[in-house]
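Here are my notebook entries from a first look around this structure.

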Amino acid sequence: MATTTKTKSGFSAAERDAMKERAKELKASTDRAEGEAAVAEKIAAMPEPDRALAQRIHDIVTETAPGLVPRTYYGMPAYAKDGKVLCFFKPSSKFRTRYSNFGFNDVAQLDDGSMWATEYALTELTDDDAERIAGLVRRAVG
């Protein structure tokens, strides 16, 4: 696991690793099968409880919005619409944070007035939480 200690450049080792991952992702194919394999590989490499949360998120997103294309985003599982990442799972282990996050990028159709949430903290995923996430994904896809 990468450290979060800052260096002279101002970026931690984890942040530098994420930027390198992102550069590779931008060069990668947008093939659905390749994206699915990359996401499965990232999920399998996660420690628990992140692995279980990520797998459940993957199942919810792919069942709710089968038109979204799985891919990685800064080395994390993500789901794209029209080539742009719509939503993603950020494991707590990646940046040594207290909780994991499920988030949305600006292409998501979640606008609600002048302020709305774009990331949700996860410590576990109840059935009610799963329904809420599925509803957000449906709304985000538009």
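**Entry 1: a serine.** I began with Ser93, which lies in helix 4 (residues 92-95); helices (H or I, at least four residues) and strands (E, at least two) are DSSP runs, numbered from the N terminus. I noted that this is a predicted model, where local features need pLDDT of at least 70, side-chain atom pairs count only at pLDDT 80 or more, and totals for chains, interfaces and linings use all residues. Residues are numbered from 1 along each chain as its sequence is written, and side-chain values use heavy atoms, with hydrogens and water left out.

Is Ser93 buried or exposed? Ser93 counts as buried because its relative accessibility is 14% (buried is under 20% relative accessible area, exposed over 50%, partly exposed in between, with a 1.4 Å probe and protein chains only).

Entry 2: I found an open sheet of 5 strands in the order 1-2-3-4-5, with antiparallel pairing (two strands pair if DSSP finds at least two bridges between them). Its edge strands, strand 1 (69-73) and strand 5 (119-122), each pair on one side only.

I then looked at strand 2 (residues 76-81) and strand 3 (residues 84-90), which run antiparallel and are joined by 4 bridges. Tyr79 has Cys87 of strand 3 as its bridge partner.

**Entry 3: helices on the sheet.** I saw helix 3 lying across strand 1, strand 2, strand 3, strand 4 (100-104) and strand 5 (contact means heavy atoms within 4.5 Å). Helix 3 runs at about 150° to strand 3, and helix 5 (residues 127-141) at about 25° to strand 4 (axes are lines fitted to C-alpha atoms, for helices over the stretch in contact, and angles run from 0 to 180 degrees between N-to-C directions).
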